[in-house]
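Please look over the sequence and the fold shown below before reading on. The report that follows starts with the local backbone and then turns to the wider architecture.

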Amino acid sequence: METILTAITSSVTTTFPLPVHSPSISSSSSLSILRYRSGCRFSKTHNSSTVTRLRNNSDSFFGQISATTTGARAASSSSFSVASSSSSAAIPAEMKAWVYHEYGGVDVLKFDTKVAVPQVNEDQVLVKVVAAALNPVDFKRRLGKFKATDSPLPTVPGYDVSGVVVKVGTQVKELKVGDEVYGDISEKALDGPKQFGSLAEYTAVEEHLLAPKPKNLDFVQAAALPLAIETAYEGLERAGFSAGKSILVLGGAGGVGSLVVQLAKQVFGASKVAATVSTRKLVFLKSIGVDEPIDYTQVKYEDLPEKFDVVYDAVGEGDRAVKAVKEGGSVVFLTGAVSPPGFRFVVTSNGAVLKKLNPFLESGKVKPIIDPSGPYPFDEVVKAFSHLESNRALGKVVIHLIP
């Protein structure tokens, strides 16, 4: 796959057309502008303008994915003026948000301009949301898959958030107004998740669920990480994964799977990483460090002679998954039927995990993977959900810029 890169430096004055998935952006903001039409990516920052063109001689979009994960350091603290000037007096009583009043398909999602801004408890901060990301749990929750343990309707969906602290509770110890943060706002994804989620202008979050945004990442990239990277990390820890062990990741191109691959390799010291994916995503797997990409449309991984210390099943393969593990090994299941010796868990949100992983993110050893159809503007949340539910997303589906 041939990739041609051309850069135009800051000495050139450039006017950028707004991308397909972008709301109106003021000229004073140095926010990432990403465009994925005809293989083009445009970015602009406050101190330079760079145009990078990616041209591929195939229908592949892996060059675009790579560009996204190493994108411009846009949406920095200087680009978001509310960071240093916000106070309680500047916070409105009402906000824009996506809401559903009943369980169902994407048609139950409604855009509301008069949702009350959440109150902040003593241990919480109020975050002005800049970007949010979608996860499978978001649409499963909306479908009523765990209504017995859900918070009451109506619901503002969304777990993943990145943004700026604009108010702090009286018991908050470390965070302060102006801090750029990211995190999964619901400690328990299935057991009483927050009624007012991240698909809104503001969201209230306990301090211990948040971490400082990695300095090298913009808000879009940071929003793509929390729930997925915490799930990937907790699963590897629960499986007893450690340096020198091998792992097979089922669904290696997904939001969680792509991070399991990177964490296993870069953080835990895996001796070998194999992962399954469809034919057109094999190149992508190699680009994130997979030693043995497996095309599940051509190969039955469970019949391969080599077995693995850990199998991390992010797609629900059940009995097939356990046939690929070594005797005495572990199988992590995130969905579907659980077969011995496998186990399933539901991630517990923890800002301490994000803080622990920040050095790997800031060094570039671990990268967020953002689906090339986005980021989606705030008024296209229904479209973003539809894409996620098509099972065709690569990496994470992100919503940006939230007004």
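## A loop residue with positive phi

In this predicted model, Asn 391 sits in the loop that runs between helix H10 (381-389) and E16. Its phi is near 65°, which is a positive value in a residue other than glycine. Most residues other than glycine have a negative phi, and most peptide bonds are trans. Asn 391 counts as exposed because its relative accessibility is 66%, and the cut-off for that class is over 50%.

## Two cis peptide bonds

The peptide bond from Leu 153 to Pro 154 is cis, with omega near 0°, and Pro 154 belongs to the loop between H3 and strand E6 (160-168). A further cis bond joins His 400 to Leu 401, with omega near 5°; here Leu 401 falls in the segment after strand E16 (397-400).

With a relative accessibility of 0%, Thr 155 counts as buried, because the class takes in residues under 20%. Apart from neighbours within four places in sequence, the contacts of Thr 155 are Trp 98, Val 99, Tyr 100, Arg 141 and Gln 195.

Is Arg 142, a residue of helix H3, buried or exposed? Its relative accessibility is 0%, and therefore Arg 142 counts as buried. When residues up to four places away in sequence are set aside, Arg 142 touches Tyr 100, Tyr 103, Gly 104, Gly 105, Val 106, Val 108, Leu 109, Phe 385 and Glu 389.

## Overall architecture

The protein contains ten helices and 16 strands, and 57% of its 403 residues count as buried. Among contacts in the protein with a separation of 6 or more, 70% are between residues 24 or more positions apart. The exposed surface comes to about 16700 Å², of which carbon and sulfur atoms supply 51%.

In soluble globular proteins, nonpolar side chains tend to be buried together. The largest nonpolar core in this model has 47 residues, and the members that touch the most others are Ile 229, Leu 236, Phe 241, Ile 247, Val 260, Leu 263 and Tyr 312. Two or more residues of this core come from each of H5, strand E10 (246-250), H6, E11, helix H7 (282-287), strand E13 (308-313) and helix H9 (351-362). There is also a second, separate core of 30 residues, which includes Tyr 100, Val 125, Leu 134 and Phe 378.

## The largest pocket

How much space lies in the largest pocket? The volume is about 1300 Å³. The pocket is lined by 43 residues, of which Pro 136, Lys 140, Ala 314, Val 315 and Thr 335 are the closest to its centre. Helix H3 (136-142), helix H5 (226-238), helix H6 (255-266) and strand E11 (272-277) are the elements that give two or more residues to the lining.

The largest share of this lining, four residues, is supplied by H3, the helix that also holds Arg 142. Sorted by class, the lining of the largest pocket has 22 nonpolar, twelve polar and nine charged residues.

Terms used:
Residues numbered from 1 in each chain as written. Predicted model: local features only at pLDDT ≥ 70, side-chain atom pairs only at ≥ 80, totals over all residues. Heavy atoms only, no water. 1 Å grid on protein atoms, 1.4 Å probe; cavity = no way out; pocket = protein on both sides within 12 Å on 5 of 7 lines; lining within 4 Å. Points joined across faces, edges and corners; volume = space filled by probe spheres on them. Nonpolar A, V, L, I, M, F, W, Y, C, P; charged D, E, K, R; others polar. Buried < 20%, exposed > 50% of the residue type's maximum accessible area, 1.4 Å probe, protein only. Contact = heavy atoms within 4.5 Å. Areas by Shrake-Rupley, 256 points an atom, 1.4 Å probe, with all protein chains shown as cover. Core = buried A, V, L, I, M, F, W, Y, C linked by side-chain atoms within 4.5 Å.
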